[in-house]
Amino acid sequence: MAASVVCGSSACSVISVGGPPEQVRQGDAADSLSKPFQRMVATEPQPDWDARRIVQGMQAAMASFDDVEQKILREYLTPEAKRAWKPGESVIVVEDNPTYRQVGENIVQLEATQIALIHGDGWYEPKREKLTLQFMVAKTPQGYRVSSLRNGLMLLTAADVRRAYEPADIYFLGGSGSLDNLAALPVVDHVWLPINPTRSLAETIVDRLLEGPSESLRGAVSTAFEGISLDRIATDEETVVVYLEGQFKQDPPPVEALSRQLQWSLRDVITGRTIEVRLNGETFFDSAPLTIGSKDNDMWLRRPDGKVYFVQNGQLMWLGANGAGIAVPGPAGRLGDAYKEPAITPSAKGDPTEYVAALKSDGRSIWTNKLSSESQWQEAIKGTNLTPPAWNWNGTLWTVDRIDDHTSYVLRYDMSNLEQPVTRIAAPELNGKRVTAFKVARDGTRVAAIVADNGAVSVMVGVIAGDRLDHFQTLLTAGENEEIKDLAWGDSEHLVALMGSSSGSTPTEIDISNGQLRQLAADKRITSISALNGRLVAGTEADDEGGGKVLELVQDKWVDTKVQPGTSSPTFPLD
């Protein structure tokens, strides 16, 4: 049906493939800005093929990215179908080995499990459902041909995608209009890029970066490259030279922003080399080049510390060595019976002060305090039935007010806005649903929620687009007799959902870039979770010793941190 070809920077060779081949990777990526790849060279339809094999061959031809104009694919169509069919920008991705059956004299039926939709901008949208497609075929003097093909249909298997696409992380800056904000965080846009044999991987990545964010981040991030295109990228042992063309929309150009975006987007390809940027064939500045050091990306990261906070007998504490509980001093540490579900934020906007927010015990208000001072608690948000507070890096505080089972209002508190500190944020995709938990990712842009709707409970992920939440997608739905008890962001691309059933509690990691799920170690005692940079801690139910414990997942086993019993609500900062 097709031949598999391994291609590097200088040569290609045909190899025999018995099953779905794995993607080839170069041994030392530092030697080149390109990677070898495997591809399928489409085979023309043969006169002795039956109808089923013709449809199967047509699908295989869809994966031939060298055939840009789909010339061979069109050979599988009748003349009428050729004239009518136009390729679409989006690609349906199905599991490997779909089933082809002839269900009528002139009908071939394809049955498969759809797993995703790759949009034209590279956004990989997880979308799992059964897929049945029927293709009309006709007998011609040249053999069977497909007489009707749905306009825009492009269908690839998972193996096709591994061969024909390259996953890449491209970076933008969090927030709309944030180019001059040196505190703006890099936000990753995980995209799948069709392999272009005429461009290096580095050029393909920068080409895509200059197009702007994918639909999943539109309106939520900013880019420095409006009005700019890429000519080429050249390299030597120590330097990667990026040749840009055009005129930056902003004058003077936002050097800090473009440096961040280039360095972060190319860091996995350039492997430690310095980037030099040239504009319209000249040095970037009149008297000097623009260079970006290989270590510059480190200073653009903001990482909260790894302290684990928890509540013990009404006192806010943090976990020290060997299970020691260290009390947070002052009024901020004395939660008593009045406050619960604390959330901690590091300093933001140049303010070195750290803050704690907590839900009032009746669930009707959220209060804040400085973490280490003699300041008194201050009411921040009033409501009817509020979710526990969630901080954003920019110092804003978020919650959802559940008015009734079908009405949830997203609220944002901004202590820097003295005239109107609390704003109701539009979230049309949450209308009519009940939100049971709400978390802001540490990239300051993505949000996650546990949502109940008509008996179904799901995890939804969206983005903050100014005064609106947008682009939600459902990544996980609880099965029968299951519940979703808690959520925690591990990093900006991984979310952990705590699933509960009659057999216990199981944390499940969700890769939001592709929807893949990974079950972690279960423990029937777990009631809550918090995550940070690969670490996962959990709170447990009260036990015979008088209270809950703090556990940590270590090498796929839950380990007691040895904190004295009687604890609740373990949490990392910004969770």
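Residues are numbered from 1 along each chain as its sequence is written, and side-chain values use heavy atoms, with hydrogens and water left out. Since the model is predicted, local features need pLDDT of at least 70 and side-chain atom pairs count only at pLDDT 80 or more, while totals for chains, interfaces and linings use all residues.

## Cavity and pocket

Rolling a probe the size of a water molecule over the atoms shows where empty space is left. The search uses a 1 Å grid over the protein atoms alone: a cavity is a set of points where a 1.4 Å probe fits but cannot get out, and a pocket is an open set with protein on both sides within 12 Å along at least five of seven lines. Lining residues have an atom within 4 Å of a point. Grid points are joined across faces, edges and corners, and a volume is the space filled by probe spheres set on the points.

By this rule there is one cavity of 30 Å³ or more. The largest cavity holds about 190 Å³ of space. It is lined by 17 residues, and those closest to its centre are Trp123, Ser216, Arg446, Gln473 and Ile512. Helices (H or I, at least four residues) and strands (E, at least two) are DSSP runs, numbered from the N terminus. The elements that give two or more residues to the cavity lining are β11 (186–194), β31 (456–464) and β32 (469–477).

The largest pocket has a volume of about 750 Å³. Of its 34 lining residues, Phe65, Tyr165, Leu193, Pro194 and Ile195 are the closest to the centre. Both β11 and α5 (201–211) supply at least two residues of this lining, and α5 gives the most, with four residues.

The linings can also be divided by residue class. Ala, Val, Leu, Ile, Met, Phe, Trp, Tyr, Cys and Pro count as nonpolar, Asp, Glu, Lys and Arg as charged, and the others, Gly among them, as polar. The lining of the largest cavity has seven nonpolar, seven polar and three charged residues. In the lining of the largest pocket there are 17 nonpolar, nine polar and eight charged residues.

## A sheet of four strands

Strands of a sheet pair through backbone hydrogen bonds, either parallel or antiparallel. Here two strands pair if DSSP finds at least two bridges between them. An open sheet of four strands has the order β37-β38-β39-β40, with antiparallel pairing. β37 and β40 (557–560) stand at the edges with a single partner strand each, so one side of each is left without a neighbour in the sheet.

Strand β37 (residues 526–532) is joined to β38 by six bridges, and Ile526 has Thr540 as its bridge partner in β38. Two residues lie between the strands of this hairpin, where Asn533 takes a positive phi near 50 degrees. On to β39 (residues 550–554), β38 pairs over three bridges; Ala538 has Leu551 as its bridge partner in β39.

Buried means under 20% relative accessible area, exposed over 50%, and partly exposed in between (1.4 Å probe, protein chains only). Strand β38 (residues 535–540) is mostly covered, with five of its six residues buried. Thr540 is found in this strand and is buried, with a relative accessible area of 10%. A polar atom of the Thr540 side chain lies 2.8 Å from the backbone nitrogen of Lys549.

## Helix α1

Helix α1 (residues 51–61) is mostly covered, as eight of its 11 residues are buried. The buried residues are Ala51, Ile54, Val55, Gly57, Met58, Gln59, Ala60 and Ala61.

Most residues other than glycine have a negative phi, and most peptide bonds are trans.

What kind of peptide bond joins Asp251 and Pro252? The bond is cis, with omega about 0 degrees. Pro252 lies in the loop between β14 (239–246) and α6 (255–270).

How values were computed. A polar contact is a pair of N or O atoms within 3.5 Å; within protein, one must be able to donate a hydrogen and the other to accept it, and residues adjacent in sequence count only if both atoms are side-chain atoms.
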